[in-house]
Amino acid sequence: ILAQGAKQQQTLILAKVSAQTFTVAAPENMARFCALLMAQALAIVTAVNDVAFTIECDDGQGKYGVYFTGDFSKPSDFEKYVDAIPNAMGSKVGIKGNSGHGWVVRSTDLKFRVGLTLELAKDNKYTLAIKNLGEDSMGVRWNNAEGAATKELKQHSAEAHHVASGNPVRIGAMQGKTRLVITVHDPPKAEL
């Protein structure tokens, strides 16, 4: 008899819980919520790659990995493998992405690491930011209308410049060999 009473009480408790889950009311602005959700989904689907660049191996000595790190204006620990640049001189990989997003390029021995951010700027130019993530200083050779200038980037320092499409930026030892060449390209126009 006791077991029968416990079973009956258990059934009664489950029935109450079940009834409570069905009494949850939908938010008053459900139509607005659905519209916002649809707009976000449409924005994601129609997003275009508005920046493009190539990373070229210029030393023929090391293999490099390229990793997407997301939107630099919203820092996180996110990192996604994109591609590898073989250790053959002149090997390159093309990258397409959104303005303001970042990538990390590093050698397989992790001694050479560089962070890149590319943003659209005015007059068909781009802002390329380079950050030295390695432990040794590196040289960055910027090409512009006035000529070329090499800047030293010490450990964890960064520098940004406006670059035109097709102008290579060389990264390597301050007085030594270039390791990587970054070239910004105008992304292909979407077909209508």
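Reader: Is T183 buried or exposed?
Author: This is a predicted model, in which local features need pLDDT of at least 70, side-chain atom pairs count only at pLDDT 80 or more, and totals for chains, interfaces and linings use all residues. Residues are numbered from 1 along each chain as its sequence is written, and side-chain values use heavy atoms, with hydrogens and water left out. Buried means under 20% relative accessible area, exposed over 50%, and partly exposed in between, with a 1.4 Å probe and protein chains only. The relative accessible area of T183 is 11%, so T183 is buried.

Reader: In which strand is T183 found?
Author: Helices (H or I, at least four residues) and strands (E, at least two) are DSSP runs, numbered from the N terminus. The run that holds T183 covers residues 178–185 and is strand β12.

Reader: With which residues is T183 in contact, leaving aside its neighbours within four places in sequence?
Author: Contact means heavy atoms within 4.5 Å. With those neighbours left aside, the contacts of T183 are A52, F53, T54, G166, N167 and P168.

Reader: Why is G115 classed as buried?
Author: G115 lies in strand β6, residues 113–120. Leaving aside its neighbours within four places in sequence, G115 has contacts that include W103, V104 and A129. G115 counts as buried because its relative accessible area is 6%.

Reader: What separates the C-alpha atoms of G115 and A158?
Author: Along the chain, G115 and A158 are 43 residues apart. Their C-alpha atoms are separated by 8.7 Å.

Reader: What is the relative accessible area of H156?
Author: H156 sits in the loop between β9 (147–153) and β10 (158–164). Its phi is near 60°, a positive value in a residue other than glycine. H156 counts as partly exposed, so the value lies between the two cut-offs: 47%.

Reader: Which class does L110 fall in, buried, partly exposed or exposed?
Author: L110 is in the loop between β5 (101–107) and β6, and its phi, near 65°, is positive in a residue other than glycine. The relative accessible area of L110 is 44%, so L110 is partly exposed.

Reader: Which residues lie nearest the centre of the second largest pocket?
Author: A pocket is an open set of points on a 1 Å grid over the protein atoms alone, where a 1.4 Å probe fits, with protein on both sides within 12 Å along at least five of seven lines; lining residues have an atom within 4 Å of a point. The second largest pocket is lined by 14 residues. Nearest its centre lie K111, F112, D136, S137 and R179.
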